[in-house]
Amino acid sequence: MVLKIYGHDKSACTLRVVGIAKELEVPYEFVFVDLFKQEQKAPSFVEKNPFAMVPCIDDDGFVLYESRAICRYLATTYAKADAPLIPRDAIPNALFEEAASVEQNSFEPLAAVIAFEKVVSPVLGGQTNETVLADQIAKLDANLEVYDRILSKRKYLAGETITLADLFHLPYATMISSAGIDLFDRRPNVSRWHKDISSRQAWLDAWANPMKA
């Protein structure tokens, strides 16, 4: 039975899962959940995710929600022997978990607000709160200065090979870059890293058409 990904094609968390599925070359069926019609609150969907949010997956009867948990599951279940996205040995794995925590705590909370204010709010008919936007940009910019120091010593955030921790950044990084907010080319190491991860064919395909397996 083919993997089913339930989500919305404009959802950053859905795009995170699709990007990893494509990176691992896992065939999938995309089941569109229309957030504007509140389909995520339908009883049949809430059975899959009691928090009524996308994405979630059904892998031959195994149902899982939360995008990072899904990505970890896919990277473990469908790991490529020559390029694991989760390091197996203790120290590389610890560095991976450290980098993944940095993304979740020091990148996404700020990037998500930037994306909402610059991209989502206008689409929903609202106005960008320029004060909030400027504050979040300044805070993320300061954090990217730390990223630059880390990336001056290693190719990727957790070491010399790419991991989920790097790829987790892609949905919001691409959203805010596409909206014309230049945060990733201000520093040489961040710029090199961002160009590397954002030019991967799997991500380009996921961003262009997530509903196409």
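## The second largest pocket

Cys-13, Asn-49, Met-53, Val-54, Pro-55, Glu-66, Ser-67, Arg-68, Ala-69, Gln-104 and Glu-108 form the lining of the second largest pocket. Helix H3 (67–77) and H4 are the elements that give two or more residues to this lining, and H3 gives the most, with three residues. The lining divides into five nonpolar, three polar and three charged residues. The volume of the second largest pocket is about 190 Å³.

## Basis of the description

This is a predicted model, in which local features need pLDDT of at least 70 and side-chain atom pairs count only at pLDDT 80 or more, while totals for chains, interfaces and linings use all residues. Residues are numbered from 1 along each chain as its sequence is written, and side-chain values use heavy atoms, with hydrogens and water left out.

A pocket is an open set of points on a 1 Å grid over the protein atoms alone, where a 1.4 Å probe fits, with protein on both sides within 12 Å along at least five of seven lines; lining residues have an atom within 4 Å of a point. Helices are DSSP runs (H or I, at least four residues) numbered from the N terminus.

## The largest pocket

The largest pocket holds about 930 Å³ of space. Its lining comprises 31 residues, of which Lys-10, Ser-11, Ala-12, Leu-35 and Val-120 are the closest to the centre. By class, 22 are nonpolar, six polar and three charged.

Helix H4 (90–123) is one of the helices that supply at least two lining residues each, and the largest share, seven residues, comes from H4. Because domain 1 (3–84) and domain 2 (90–202) both give residues to the lining, the largest pocket lies between them.

Key:
Points joined across faces, edges and corners; volume = space filled by probe spheres on them. Nonpolar A, V, L, I, M, F, W, Y, C, P; charged D, E, K, R; others polar. Domains from an automatic or database assignment.
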